[in-house]
Amino acid sequence: MHRWEDSSWVDAMRITLDFNNMMAHSIGEKHGLTDEDINALEDTAKDIHNELMERRKKGGLQFYELPYQEEMALRIEEYAEDMKARFENLVILGIGGSALGGMALHIALNHPYYNLLSKQERGGYPKVFFKDNVDPDWFGGLFDILDLKKTAFHVISKSGETSETMSQFLIVREKLTHVLGEKGHKDHIIVTTDPQKGALREIIKREGYLDFPIPRAVGGRFSVLTPVGLLPAAACGIDIHEILAGARYMDQRCNIPTLWENPAYMNGALQYLSYTRKNKTISVMMPYSAHLKGIANWFRQIWAESLGKRYGIDGAKVYVGPTPVKALGVTDQHSQLQLYMEGPFDKVITFLVVRKHSREVPIPNLYSDIKDISHLGNHSLNQLFYAESTATELALTKSERSNCSIVLPEINPFTIGQLLFLFEVQTVFTGWLFRINPLDQPGVEEGKRLTYGLMGRVGFEHKRKEAEEGLLKKQKRYMV
Ligand code: PA5
């Protein structure tokens, strides 16, 4: 029996949203919300819920079904086991939604110094590298450290045509072929792309590369529970079935139309109300766990790309979207906190808090005669971490700053699965509240088209002209 099949373990691993400090009773009426504000949204929430469930039934919101893809997970797991004997390194080539989910899982669930462990300490699994940038120094430098004969590359692109990922692929393909030959290189490439369309799909057909597709109706930033996130995770020995079980558990919790019982809808409603009624246009996510900093990065993308929109669903110009900011406790207490405490009242701060860390680190009792540090000894880093997160929360609350906490009993695949799914549902629900389409990204597409033009892609000559004309408008006198 898996531990997630034990209801008392599941209860103990349930993540909770504590939104006391979003409310007027904690931070005052000027910045805080009231029960009435929330209750006034209940009917809208019910309508949105019905609409989402209707779409879900028709297959229009396929990310909802991903936690149930056990067959896909089994196939991934089988391949990951097979990799152990064959590869020392796995390099993931992808960008945006095709990289951030995998990175979030890796940072959350692997040893903090995973790549520095011996192969035995890694359970026989390969080292893992995420390359989500085309900076020539950083990408080129990779080949100084890799033995290509022992390296697999996972090429991920939903569209199958993103310039960054496809350029990386072309470079890798040539280098692999040089070392392993035309036939030999094929066993070192795994591809994840749309099941039918795009240049990468065409390349799979020609080359016969190993194929782990992304379901058609799942967009990049909602794809963490597809091979995009799960293959790199399984390749490090992470229990991907438990991640899916956590997501399924959150799906049950989020399949309720009532705000007061649904953590994703409630958090979406709180963020929306704070933005529209209290002018809080910035969403800060501040995990008190270095393991969760990849989740804050991933969240920054899903929140920004989904909610930052020029047009509403009725076609009117709306220019909405909370600006997501990422911070890290305790590090950013010494960098950002001054601004959060005393700057403009324009932020909602979401802490991600972990109740039980995987290890206890005692602080030795040395220099007990020096009074400014003598209080530290005989405590632990765990106590210090907890004291600092509690103190930051209390200080912000005292300064009437909206903040809430998402509390994880501990970090494991089950709680991380819950957290990711919570944020996916929260994002879609909030998009519906703002009455925009959270599933497209027309702003990103425009940048991609201009890049195609500048790189000389056939059919994008007009974009090249547009880009060149734009550059010519720059005047010397505005450059010093
Ligand atoms: O969320 C999105 O849709 C984007 O961030 C994409 O993931 C990103 O642009 C990469 O696109 P693709 O996966 O098509 O290469």
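1. Let's start with F434: this residue counts as buried, with a relative accessibility of 9%. Buried here stands for under 20% relative accessible area, exposed for over 50%, and partly exposed for what lies in between (1.4 Å probe, protein chains only). A word on the source: this is a predicted model, where local features need pLDDT of at least 70 and side-chain atom pairs count only at pLDDT 80 or more, while totals for chains, interfaces and linings use all residues. Residues are numbered from 1 along each chain as its sequence is written, and side-chain values use heavy atoms, with hydrogens and water left out.

2. What does F434 pair with? Its ring and that of Y275 have centres 5.1 Å apart and planes at 85°, so the pair is edge-to-face. The two come from distant parts of the chain, 159 residues apart: Y275 sits in helix α12 (residues 263-278) and F434 in helix α16 (residues 413-434). Y275 is buried too, at 16% relative accessibility. For the cut-offs, rings of Phe, Tyr and Trp (its six-membered ring) pair if their centres lie within 6.5 Å; planes under 30 degrees apart are stacked, over 60 edge-to-face, and the rest tilted. Helices (H or I, at least four residues) and strands (E, at least two) are DSSP runs numbered from the N terminus.

3. That rule gives 18 aromatic pairs. F63, Y64, F222 and F421 form one aromatic cluster.

4. Staying with α16, have a look at Q418, which lies in this helix. With 0% relative accessibility, Q418 counts as buried. A polar atom of its side chain is 2.8 Å from the backbone oxygen of M13, and the side chain of Q418 also reaches the backbone nitrogen of I15 at 3.1 Å. A polar contact is a pair of N or O atoms within 3.5 Å; within protein, one must be able to donate a hydrogen and the other to accept it, and residues adjacent in sequence count only if both atoms are side-chain atoms.

5. Now the sheet. Five strands make an open sheet in the order β3-β2-β4-β5-β6, with parallel pairing. The edges are β3 (127-131) and β6, each with a single partner strand, so one side of each has no neighbour in the sheet. Two strands pair if DSSP finds at least two bridges between them.

6. From β4 the chain crosses through helix α8 (residues 163-184) to β5, a right-handed β-α-β crossover. Right-handed means that, with the strands pointing away from the viewer, the path from the first strand over the helix to the second runs clockwise.

7. Which strand does β5 pair with over two bridges? That is β6 (residues 210-211), again in the parallel sense, and here V191 has D211 as its bridge partner. With helix α9 (residues 199-207) between them in the list, β5 and β6 make a right-handed β-α-β unit.

8. Finally, the ligand. An oxygen atom of the ligand lies 2.7 Å from a polar side-chain atom of S159. For the side chain of Q301, an N or O atom is 2.6 Å from a ligand oxygen.
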